[in-house]
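Subject: Structure for your review

Dear colleague,

A short account of the findings follows it.

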Amino acid sequence: MLLYLLRRILYTLPIAIGVSMVCFALIHLAPGDPLSAVIPEGASPEVIAELKAAYGFDQPLPIQYFNWIWRAVQGDFGMSIMTRRPVLSEVGPAVVNTMILAVAAVTLGFGFGVGLGIAAGYTAGSVIDRIVTAISVSGVSVPHYWLGMVLIVIFAVNLGVLPAMGMGAQGSATFALDWVSLRHLILPAIAMSVIPAGIIARSVRGTVIEVLKQDYVQTLHAKGLPGRRVFVHVVKNAAPTVLAIMGLQLAQLLGGSILVETVFSWPGTGFLLNTAIFTRDLPILQGTILVLSMFFVAINLMVDLLQSVLDPRIKRA
Amino acid sequence: MVATTGGPIASDAPAKGRRPVSRSFWATAWRRLSQDKVALVCGSILLIILLAAIFAPLITPYDPYRTSMAGRLLPIGDARHWLGTDELGRDLLTRLIYGGRMSLFMGFAPVVLATLIGGFLGIVAGYCGGAINMLIMRVTDVFYAFPSVLLAVAISGVLGAGLVNSLVSLTLVFTPPIARVAESVTTQIRNQDYVEAARATGASGWRIVFGHVLSNVTGPILIYASSMISVAIVIASGLSFLGLGVSPPNAEWGLMLNTLRQSIYVAPMNAILPGVMIFVTSMSMNLISDSLRASMDVKV
């Protein structure tokens, strides 16, 4: 077991290094000279010299990479071109905001998904099952940024009960656990929750049907165990898969929140990325993507480890 | 979509029909699929959208680019503009039909490219094994280690807006998962006894790949790729929604959604209309993919 965990962690290291290389390469993918891409328009010669030294563009690529990753590991992701502030001070709060949104969305998706999935699994083949299946296919097919707009039309434009934009009063960019902030969270969280809800509903339905077919479940029934006690067994068997899917969806939402954040002007990483792209603020772009993808790798690893701890059948060592 | 995947399946049937009783895998799959009502309905919807997009100039009464300052944001149900007009007074129905061209292309093209590239890489990795497998699959893993939307946005964002750049970024997003499927199926097949037997009787590597591996890999890859199309349509439209896809005044559903978003308080129904097209297309593709999976009885 320990060996497996260790191997899994070691296996992630080269992936993480590869991911950082791709992030590093991004800035060199940009059309034109990478230096001109990071130099703000009308920069003074001192700024150009400072940037040249900071990026070390005169050095060979591998050395540039090692310098860059060495600084990044220490938390130095460079300076934003637009705001002239350290990238980390821009990305940090944004990651927190995105995390709040993603956690809220996954929690909602988990609630809906598990409820619908169990209902469908227990009534496989019935009308309820068909309805749930239709809902879950819609959930994974719907463009969630469009769903966001639909929610705005319904709840902000027509009913006027929920705010359509931002995170709190007067465009505040810090989340507080109060009613105003929560009201701002509702619509974007719902818009983002449909994908995890659809996927979780589907998988829970499948697992429930699978477990109910098992011989031991029949034995439990035969020995007179009441339905709710059998249900505990179903939940135990479904839990590792559902938890894994939740983790992976949380990771996907962290990276995929850009569209919903843009619709709702939620001041998270997606919003930051969007601004960075259109102002050609490459250091911010690179920093945000590096941080998000590292989160993604880390969450994937944790999900894997957690799953192998929870479910002894997965011990593939 | 049914019609296009149906082509090779249907034409395979007579060739394999030499055996009197048993039906070939493809013929069985096609038979099941053609009896699947959901698949037929969804296929028809997609076919209508596709045909409408192809023959757009013949069936649309308006020019998709002609603006009219007087007729801006006319409501849905207008006598002359059935689905209303957009923020520049262009006929929405016309633009939705034209928009299908770019949106469908951006849904299918990256997946087709990714299937060819990923399928090739996966088969090579699976068949060769060893160091080549390591090299290909570890590089694939790195790209797989990005959230898909983030990777598409990152590459499109760095390369700049545009059709070709979106195509490149989306292809890069969909290649790794397809390569993984191809690799795992190929590795399984390669170790089968009958492949070992073929090798023992002196069959060349090419013959094994084309005779045994390819025929086994095609089904799973096809199913996987078909499930990717729905994702591709949503992400591709998402890129144009962010302003990273085709540029105005082109008609594309995501882009239309983006420009109409400014008018969401004035004409909310018009503003959400392009999204309905994205939703219907992506949903139909998803259901077809499910039916395809059921008809081929493959677990991916």
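Chain B contains 12 helices and 0 strands. Please note that this is a predicted model. Read from the N terminus, the order of elements in chain B is α-α-α-α-α-α-α-α-α-α-α-α. The C-alpha trace of this chain spans about 80 × 45 × 25 Å along its principal axes.

As to the interior, 48% of the 300 residues of chain B count as buried. Among the contacts in chain B with a separation of 6 or more, 68% are between residues 24 or more positions apart.

The largest nonpolar core has 162 residues. Those with the most contacts inside this core include Trp146(A) and Ile200(A) from chain A, and Ala152(B) and Ile235(B) from chain B. The helix α10(B) provides the largest share of the core, 17 residues. Leaving aside residues up to four places away in sequence, Ile235(B) touches Ser148(B), Val149(B), Ala152(B) and Leu170(B). In soluble globular proteins, nonpolar side chains tend to be buried together.

The two chains also meet: 39 residues of chain A and 34 residues of chain B take part in the contact. On the side of chain B that touches chain A, at least two residues each come from α6 (130-144), α7 (148-159), α10 (205-241) and α12 (268-296) of chain B. Of the helices, α12(B) gives the most to this side, with 10 residues. By type, the residues on this side of chain B are 23 nonpolar, 8 polar and 3 charged.

Yours sincerely,
A colleague

How values were computed
Residues are numbered from 1 along each chain as its sequence is written. Chains are lettered from A and ligands numbered from 1 in the order in which they are written. This is a predicted model: local features need pLDDT of at least 70, side-chain atom pairs count only at pLDDT 80 or more; totals for chains, interfaces and linings use all residues. Two residues are in contact if their C-beta atoms, placed from the backbone, lie within 7 Å. Helices (H or I, at least four residues) and strands (E, at least two) are DSSP runs, numbered from the N terminus. Ala, Val, Leu, Ile, Met, Phe, Trp, Tyr, Cys and Pro count as nonpolar, Asp, Glu, Lys and Arg as charged, and the others, Gly among them, as polar. A residue is buried if 20 or more other C-beta atoms lie within 10 Å of its own, exposed if 12 or fewer, and partly exposed in between; C-beta atoms are placed from the backbone. A nonpolar core is a set of buried Ala, Val, Leu, Ile, Met, Phe, Trp, Tyr and Cys residues joined through C-beta atoms within 7 Å.
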